[in-house]
Amino acid sequence: MAGRHLRTRKFSSPAGIAATAAVGVLLAVGGTVGAVRLTSGEPAAGPAVAEALPSAVVPTSAASSPSASASPSASVSPSLSPSPKATPSPKVTRTKAASRSLTRTASPKPTAKKTTPAPKVVDSGSCGASFYDEGQMTANGETFNPNAMTAAHKTLPFDTKVRVTNPANGKSVVVRINDRGPFVAGRCLDLSRAAFAAIASTDLGEVTVRYEVLG
């Protein structure tokens with residue numbers, strides 16, 4: 001009676017009861033696992049850590065790439081962005097024929113403009129000039145024309161050109177000598193009516209002029 005009483009008091013504490021329950025659970029689980037192994041007849045799979053090979057660690061990006069799974073020895077490129085493709089330069093097409101194949105035409109030569117040189121003055125002076133308009137034969141055998149630009153002089157050769165200028169108004173006229181005269185003192189030229197009217201009014205009858213004999 002004394003020994004049974006002592007055993008009952010030894011396991012009456014809460015800690016002892018928990019320990020006893022844990023041992024019972026472990027024994028039950030161990031028995032179940034053993035029964036399963038004996039029934040299947042296959043060795044139990046070892047821990048997952050034991051099956052993993054340390055040398056076969058592959059980066060996640062490489063494992064997800066189709067090329068990495070196809071070739072284990074393929075190296076992973078450090079840059080995953082695709083390289084830009086070079087844009088081919090446009091070909092230059094000649095739309096115009098080469099200058100050597102064109103027909104060569106001679107450029108037109110500039111036409112030289114003929115300029116009449118200014119007449120040379122061989123003699124000059126001043127004198128009185130009058131006019132006449134009577135129809136008669138001139139000294140060189142021409143019929144006098146009062147509307148032509150002609151004049152009479154005492155000594156100048158026929159067909160000599162003389163520029164006659166009226167200094168009072170700056171007007172001038174070029175006449176051709178085809179007659180002799182005038183035979184009045186103080187006058188050296190006798191102009192046709194039209195030539196006199198070109199430099200002064202015919203109402204004056206006579207004006208002082210400056211003459212230039214042109215060569």
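A: Start with a cut-off: a residue counts as buried when its relative accessible area is under 20%. Thr160 has a relative accessibility of 13%, so Thr160 counts as buried. Bear in mind that this is a predicted model.

Thr160 sits in the loop between β2 and β3 (161-165). Its side chain reaches the backbone oxygen of Pro157 at 2.7 Å. Setting aside residues up to four places away in sequence, Thr160 touches Val175, Arg176, Ile177, Val213 and Leu214.

One of these partners, Arg176, also carries charge pairing. Arg176 forms a salt bridge with Glu142, with the closest N and O atoms 3.3 Å apart. This pair links distant parts of the chain: Glu142 is in the loop between β1 and β2, Arg176 is in strand β4 (residues 172-179), and 34 residues separate them. Asp159 joins in, as Glu142, Asp159 and Arg176 are linked in a network of salt bridges. Glu142 has a relative accessibility of 28%, so Glu142 counts as partly exposed. Arg176, at 23%, is also partly exposed.

Another arginine meets a ring. Arg180 lies over the face of Phe158, 4.3 Å from the ring centre.

Now strand β1 (residues 121-132), which holds Ser130. Ser130 is buried, with a relative accessible area of 3%. Its side chain makes a polar contact with the side chain of Asp190 at 2.9 Å. Leaving out neighbours within four places in sequence, the contacts of Ser130 are Arg187, Leu189, Asp190, Leu191, Phe196, Gly205 and Glu206.

Two of those contacts, Arg187 and Glu206, pair with each other: their side chains meet in a salt bridge (3.3 Å, N to O). Arg187 lies in strand β5 (residues 187-192) and Glu206 in strand β6 (residues 206-214), so the bridge ties together parts that are 19 residues apart in sequence. Arg187 is partly exposed at 23% relative accessible area. Glu206 is partly exposed at 37%.

Glu212 is buried, with a relative accessible area of 15%, whereas Arg210 is partly exposed at 40%. A search of the whole structure finds six salt bridges.

Next, the rings. The count comes to two aromatic pairs. Phe131 and Phe196 have ring centres 5.0 Å apart and planes at 40 degrees, so this pair is tilted. Phe131 lies in strand β1 and Phe196 in helix α6 (residues 193-199), so the pair ties together parts that are 65 residues apart in sequence. Phe196 has 0% relative accessibility, so Phe196 counts as buried. In the other pair, the ring centres of Tyr132 and Phe144 are 4.4 Å apart and the planes at 20 degrees, so this pair is stacked. Tyr132 is in strand β1 and Phe144 in the loop between β1 and β2 (150-152), twelve residues apart. Tyr132 and Phe144 are both buried.

Finally, the setting. The chain has six helices and six strands. Along the sequence they follow the pattern α-α-α-α-α-β-β-β-β-β-α-β. Buried residues make up 19% of the 215 residues. Of the contacts between residues at least 6 apart in sequence, 70% join residues at least 24 apart.

How values were computed
Residues are numbered from 1 along each chain as its sequence is written. This is a predicted model: local features need pLDDT of at least 70, side-chain atom pairs count only at pLDDT 80 or more; totals for chains, interfaces and linings use all residues. Side-chain values use heavy atoms; hydrogens and water are left out. Helices (H or I, at least four residues) and strands (E, at least two) are DSSP runs, numbered from the N terminus. Buried means under 20% relative accessible area, exposed over 50%, partly exposed in between (1.4 Å probe, protein chains only). A polar contact is a pair of N or O atoms within 3.5 Å; within protein, one must be able to donate a hydrogen and the other to accept it, and residues adjacent in sequence count only if both atoms are side-chain atoms. Contact means heavy atoms within 4.5 Å. Rings of Phe, Tyr and Trp (its six-membered ring) pair if their centres lie within 6.5 Å; planes under 30 degrees apart count as stacked, over 60 as edge-to-face and the rest as tilted. A charge sits over a ring if NZ of Lys or CZ of Arg is within 6 Å of the ring centre and within 35 degrees of the ring normal. A salt bridge is a side-chain nitrogen of Lys or Arg within 4 Å of a carboxyl oxygen of Asp or Glu.
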